[in-house]
Amino acid sequence: LADTLKPPEFSNEPPFRVEFSNSTGTKIPCTANGSLPINITWILADGNPVFNVNQLRHVTVKETLVFPPFEAKDYRQDMHAVTYKCIANNAAGTVISREVHVQAVMDQPFEPHVYDAFATKGSTAAIKCIISGTVSKYVIVDTWIKDNQQEIKTFFFDDKKYTITKTGDLLISNVDSADAGRGYKCVAKHRLTGQVKTSETAGKLFVTESEG
């Protein structure tokens, strides 16, 4: 019988890093294949077991580690900013997951702002989207709106005129007089909450004659 027992292997190993907003909460599944029964438990990095804490952290019957949404006043560093591991074991062996670094991020307001830009004819103009607020590193900019109507998105790779950089800047190549006075707004998205905001004002591009 022992020859037919299969030790556990993770079918869904938790990721190395899990960031989530306190307004949404998160669920971290951990599942394994192998000879049944398989027992799955969660531990802290120091080896101590993970206990259920009312309204803040619990493990479901399907061994998913759950962090429900919580108010900022209920934030606990020993729970919302620590490292966890998942253990799967059966009669044939034990497997321990990679470290799972959990970080809860407090939901804070943010606002995108665009300012006017200047470029000479024939050059490449860069229009920046400035994110105000403490959560700027969790905000991505992958869409711009030209003159309140035309959407410019990052996946328009065939468009040689416009490029959106990884940092969210809008690059306009080979600037000419037709680009002058156009208004550009940026669309910013919080990658943890999904909240989307468009800059209230548009940045205008001013074009000058190239020197020489």
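The chain exposes about 12300 Å², of which carbon and sulfur atoms supply 51% (accessible areas follow the Shrake-Rupley method with a 1.4 Å probe, and for residues only the protein chains shown count as cover). Please keep in mind that this is a predicted model, in which local features need pLDDT of at least 70 and side-chain atom pairs count only at pLDDT 80 or more, while totals for chains, interfaces and linings use all residues. Residues are numbered from 1 along each chain as its sequence is written, and side-chain values use heavy atoms, with hydrogens and water left out.

**Overall build**

- The secondary structure comes to 1 helix and 21 strands (DSSP runs numbered from the N terminus, with helices being H or I of at least four residues and strands E of at least two).
- The radius of gyration is 25 Å, well over the 17 Å that the globule rule gives for 212 residues, so the chain is more spread out than a compact globule (the radius is taken over C-alpha atoms, and the rule is 2.2 Å times the number of residues to the power 0.38).
- Along its principal axes, the C-alpha trace spans about 85 × 45 × 30 Å.
- Of the 212 residues, 37% count as buried (buried means under 20% relative accessible area, exposed over 50%, and partly exposed in between, with a 1.4 Å probe and protein chains only).
- Among contacts with a separation of 6 or more, 58% come from residues 24 or more positions apart (contact means heavy atoms within 4.5 Å).
- There are 23 positive and 24 negative side chains, and the centres of the two sets lie 2 Å apart (Lys and Arg count as positive and Asp and Glu as negative, leaving out His and the chain ends; each charge is placed at NZ of Lys, CZ of Arg, CG of Asp or CD of Glu).

- Strand β14 (residues 129-132) has Cys129 and Ile131 on its covered face, with Ile130 and Ser132 on the uncovered one.
- β11 (residues 111-114) pairs with β14 in the antiparallel sense over 4 bridges (two strands pair if DSSP finds at least two bridges between them).
- Looking at individual residues, Glu111 has Ser132 of β14 as its bridge partner.

**A three-stranded open sheet**

- The order of this open sheet of 3 strands is β3-β7-β6, with antiparallel pairing.
- β3 (26-28) and β6 stand at the edges with a single partner strand each, so one side of each is left without a neighbour in the sheet.
- Between β3 and β7 the antiparallel pairing runs over 3 bridges, and Lys27 has Val66 in β7 as its bridge partner.

**Backbone points to check**

- For reference, most residues other than glycine have a negative phi, and most peptide bonds are trans.
- The peptide bond from Leu36 to Pro37 is cis, with omega near 0 degrees, and Pro37 sits in the loop between β4 (31-33) and β5 (39-44).
- Glu63 is not a glycine, yet has a positive phi of about 65 degrees; this residue is in the loop between β6 (58-59) and β7 (65-67) and is partly exposed, at 22% relative accessible area.
- Asn174, also not a glycine, has a positive phi of about 50 degrees; Asn174 is placed in the loop between β18 (170-172) and β19 (183-190) and counts as exposed at 51% relative accessibility.

**Two buried residues**

- His80 lies in helix α1 (residues 77-80) and is buried, with a relative accessible area of 0%.
- Not counting residues up to four places away in sequence, His80 touches several residues, including Phe20, Leu56, Phe67, Phe70 and Tyr75.
- Ile164, in strand β17 (residues 162-164), is buried with a relative accessible area of 12%.
- Leaving aside neighbours within four places in sequence, the contacts of Ile164 include Val141, Trp144, Ile152 and Leu170.
- Ile164 and Phe51 are 113 residues apart in sequence and 45 Å apart in space, C-alpha to C-alpha.
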